[in-house]
Amino acid sequence: FEDEFHRDLRHDRPFTLSMANSGPNTNGSQFFITYAKHPHLDGKYTIFGRVIGGLDTLDKMERAPVGPKDRPVEPITILGVDILANPIAEAQR
């Protein structure tokens with residue numbers, strides 16, 4: 001299926017949740033959270049949401065030691081999430 005982009009959703013702030021892919025229509029499922037603005041990602045990666053809570057946990061993740069290719073030395077696993085808002089509905093307002 002085609003990639004899904006919403007023109008009003010941008011990588012214009014920290015804590016944006018997106019899905020990476022290997023190219024158009026590849027439908028991969030590697031998710032990432034931004035820690036800054038990244039406008040160069042707009043139209044390339046699908047935005048799924050914004051992190052609005054647990055920022056202390058994200059700060060710890062950002063400070064985790066990294067090795068080659070900026071990958072964490074120890075695996076970081078997200079065990080659960082709470083969905084508190086719908087950014088797509090908010091963008092359509």
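The model is predicted, so local features are reported only at pLDDT of at least 70 and side-chain atom pairs only at pLDDT 80 or more, whereas totals for chains, interfaces and linings use all residues. Residues are numbered from 1 along each chain as its sequence is written, and side-chain values use heavy atoms, with hydrogens and water left out.

**Salt bridges**

The structure holds 2 salt bridges, a salt bridge being a side-chain nitrogen of Lys or Arg within 4 Å of a carboxyl oxygen of Asp or Glu.

| Salt bridge | N to O distance |
|---|---|
| Asp12 and Arg13 | 3.0 Å |
| Asp12 and Arg50 | 3.7 Å |

Through shared partners, the salt bridges join Asp12, Arg13 and Arg50 into one network. Strands (E, at least two residues) and helices (H or I, at least four) are DSSP runs, numbered from the N terminus.

Asp12 is partly exposed, with a relative accessible area of 36%, and Arg13 is partly exposed at 40%; buried means under 20% relative accessible area, exposed over 50%, and partly exposed in between (1.4 Å probe, protein chains only).

**Positive phi angles**

Most residues other than glycine have a negative phi. Phe15, however, has a positive phi near 70°, and this residue lies in the segment before S1. Asp70 has a positive phi near 60°; Asp70 is placed in the loop between helix H1 (55-62) and helix H2 (87-91), and is exposed at 64% relative accessibility.
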